Amino acid sequence: MGKLAGKVALITGAASGIGAAAAQLFAEEGARVFLVDIDRDALESTAKEIGPEIADHMTANVSDENQTEQYVSAVVKRFGRIDVGLLNAGIEGKVSPIVDCPTDLFDKVIAVNLRGVWLGLKHVMPAMAKQDGGSIVITSSIAGVRGRPGIAPYVASKHAVIGLMRCAALEGAEQGIRVNTINPSPVETRMMRSLEQGFSPDDPDKFRREYAAAAPLGRYADPREVAKLMLFLASDDASYINGSVHMIDSGRNAR
Ligand SMILES: NC(=O)c1ccc[n+]([C@@H]2O[C@H](COP(=O)([O-])OP(=O)(O)OC[C@H]3O[C@@H](n4cnc5c(N)ncnc54)[C@H](O)[C@@H]3O)[C@@H](O)[C@H]2O)c1
């Protein structure tokens, strides 16, 4: 039997990268999955690959409260409950020192990465409280526990969701709602291609090779490796794990 047999998982940022890998893995492990993303075409193709009986989807902007209410209602209407909430949608912004960074770029990154998680918690937790609880997994980052020059809005947003996670974990525990973050270092997705270009416009490939080689395990993570940690935290195998930060970083943060 799959680790998520009979469960319903809501996944934001599910159209590509880590979210799409999690959607695929959760479905393989027996969950019905409801996929949310702002990228309609990519979302439709990810949902189609998984199959219409087990995957449904809705195009939504996670930073919009009405759209959040709508996607939460849509999951409950389609599948009857929400056992797993994977709040994963995120953007990187642009590489720029604080002094040169337009404030509207700061606002945009915070709107998706922090407000999006806030709204997800605010509307998913009541649905879980009406049943027998659930597990919420928030995608933070190694940038949630360490600074990095050039991406301050992103770093600030990923630190801030750890604070939200800790409060939600304490507020939800009585209702059987567990909340945790996962904190990856670089993963092979579109987001790293964009950051490599931002950090090293003249030679992004060189940046990539050097950055990967600097990881203790000598490479970036594959999205499926990250999805496996999400799966564990989502499943009942993690039934006593709540309020924690889970690094998946090849040991980068151990230095
Ligand atoms: N790739 C990495 O190295 C890495 C490392 C640490 C953390 N993360 C985090 O993992 C998460 C997934 O990123 P990824 O690497 O798979 O990148 P990605 O760009 O492939 O996926 C992000 C997804 O979020 C969606 N999205 C963006 N804004 C949205 C919005 N307003 N509403 C709904 N959906 C929206 C995008 O369309 C995209 O499908 C992000 O939160 C990211 O910050 C990534």
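Guide: Start with a definition: helices are DSSP runs of H or I with at least four residues, and strands are E runs of at least two. On that basis the chain has 8 helices and 7 strands. Keep in mind that this is a predicted model.

Visitor: What makes the chain's radius of gyration agree with a compact globule?

Guide: For 255 residues, the rule gives a value near 18 Å. The chain has 17 Å, so the two agree. Along the principal axes, the C-alpha atoms fill a box of roughly 50 × 35 × 35 Å.

Visitor: How many of the residues count as buried?

Guide: The share is 45% of the 255 residues. The test is 20 or more other C-beta atoms within 10 Å. As for contacts between residues at least 6 apart in sequence, 72% join residues at least 24 apart.

Visitor: Why is Glu 174 called exposed?

Guide: Glu 174 has 9 C-beta neighbours inside 10 Å. The limit for exposed is 12 or fewer, so Glu 174 qualifies. Glu 174 lies in the loop between α5 (152–172) and β6. From Ile 110, Glu 174 is 64 residues away in sequence and 29 Å away in space, C-alpha to C-alpha.

Visitor: How do you know that the span of α4 agrees with its residue count?

Guide: Helix α4 covers residues 103–129, 27 residues in total. At 1.5 Å a residue, the span should be 39 Å. The end C-alpha atoms are 37 Å apart, which agrees. Even so, α4 has a kink of about 40°, centred on Ala 111.

Visitor: What span does α8 reach, and what is expected?

Guide: Helix α8 has 12 residues, 223–234. First C-alpha to last, α8 reaches 16 Å, close to the expected 16 Å.

Visitor: Which residues of α8 are buried, and what covers them?

Guide: The buried ones are Pro 223, Val 226, Ala 227, Leu 229, Met 230, Leu 231, Leu 233 and Ala 234. Their cover includes the strands β1 (8–12), β4 (84–87), β5 (134–139), β6 (177–184) and β7 (245–248). Helix α1 (17–28) is also part of that cover.

Visitor: What makes up the shell around the ligand?

Guide: The shell divides into 12 nonpolar, 12 polar and 3 charged residues. Of the 27 residues there, Gly 13, Gly 17, Gly 90, Ser 141 and Thr 189 come nearest. Helices α1 and α6 (190–199) each supply at least two residues of the shell.

How values were computed
Residues are numbered from 1 along each chain as its sequence is written. This is a predicted model: local features need pLDDT of at least 70, side-chain atom pairs count only at pLDDT 80 or more; totals for chains, interfaces and linings use all residues. The expected span of a helix is 1.5 Å times one less than its number of residues. Two residues are in contact if their C-beta atoms, placed from the backbone, lie within 7 Å. The radius of gyration is taken over C-alpha atoms; the globule rule is 2.2 Å times the number of residues to the power 0.38. A residue is near a molecule or strand if its C-beta atom, placed from the backbone, lies within 6 Å of it. Ala, Val, Leu, Ile, Met, Phe, Trp, Tyr, Cys and Pro count as nonpolar, Asp, Glu, Lys and Arg as charged, and the others, Gly among them, as polar. The bend at a residue is the angle between axes fitted to the seven residues ending there and the seven starting there.
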